[in-house]
Amino acid sequence: MEKLMGFVGATLGSLVGWYLGDLVGIATAVVLSMVGTGAGIWAGRWAAQRWLES
């Protein structure tokens with residue numbers, strides 16, 4: 001379940017990063033998408049450990 005939540009978090013984080021970065025420009029969107037992916041993986045795995053497997 002932890003890997004699935006990491007995947008979902010990565011998808012949502014990338015989406016949010018791309019949207020926010022696109023307000024500035026395409027290069028910013030790419031960078032913030034990568035940052036959002038990493039943050040989403042961390043948040044998804046954290047949520048799975050904290051709430052689903054406790």
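Helices (H or I, at least four residues) and strands (E, at least two) are DSSP runs, numbered from the N terminus. Axes are lines fitted to C-alpha atoms, for helices over the stretch in contact, and angles run from 0 to 180 degrees between N-to-C directions.

This is a predicted model, in which local features need pLDDT of at least 70, side-chain atom pairs count only at pLDDT 80 or more, and totals for chains, interfaces and linings use all residues. Residues are numbered from 1 along each chain as its sequence is written, and side-chain values use heavy atoms, with hydrogens and water left out.

**Overall build**

The chain has 2 helices and 0 strands. Its C-alpha atoms fill a box of roughly 40 × 15 × 10 Å, taken along the principal axes. Of the 54 residues in the chain, 28% are buried. Buried means under 20% relative accessible area, exposed means over 50%, and partly exposed lies in between (1.4 Å probe, protein chains only).

**How the helices meet**

Two packed helices are described by the angle between their axes and the distance between the axes. Here, helix α1 covers residues 2-22 and helix α2 covers residues 26-52. Their axes come within 5 Å and cross at roughly 150 degrees. Therefore α1 and α2 are roughly antiparallel to each other. Angles over 145 degrees count as roughly antiparallel, under 35 as roughly parallel, 65 to 115 as roughly perpendicular and the rest as oblique.

By class, the contact of α1 with α2 has 12 nonpolar, 13 polar and 3 charged residues. Ala, Val, Leu, Ile, Met, Phe, Trp, Tyr, Cys and Pro count as nonpolar; Asp, Glu, Lys and Arg count as charged; the others, Gly among them, count as polar.

**A link between the helices**

Side chains of opposite charge can pair when their charged atoms come close. A search of the whole structure finds 1 salt bridge. The term means a side-chain nitrogen of Lys or Arg within 4 Å of a carboxyl oxygen of Asp or Glu. The side chains of E2 and R45 form this kind of bridge, at 2.5 Å, N to O. E2 lies in helix α1 and R45 in helix α2, so the pair ties together parts that are 43 residues apart in sequence.

| Residue | Relative accessible area | Class |
|---|---|---|
| E2 | 17% | buried |
| R45 | 41% | partly exposed |
| W46 | 36% | partly exposed |

W46 lies in helix α2. W46 and M1 are 45 residues apart in sequence and 11 Å apart in space, C-alpha to C-alpha.
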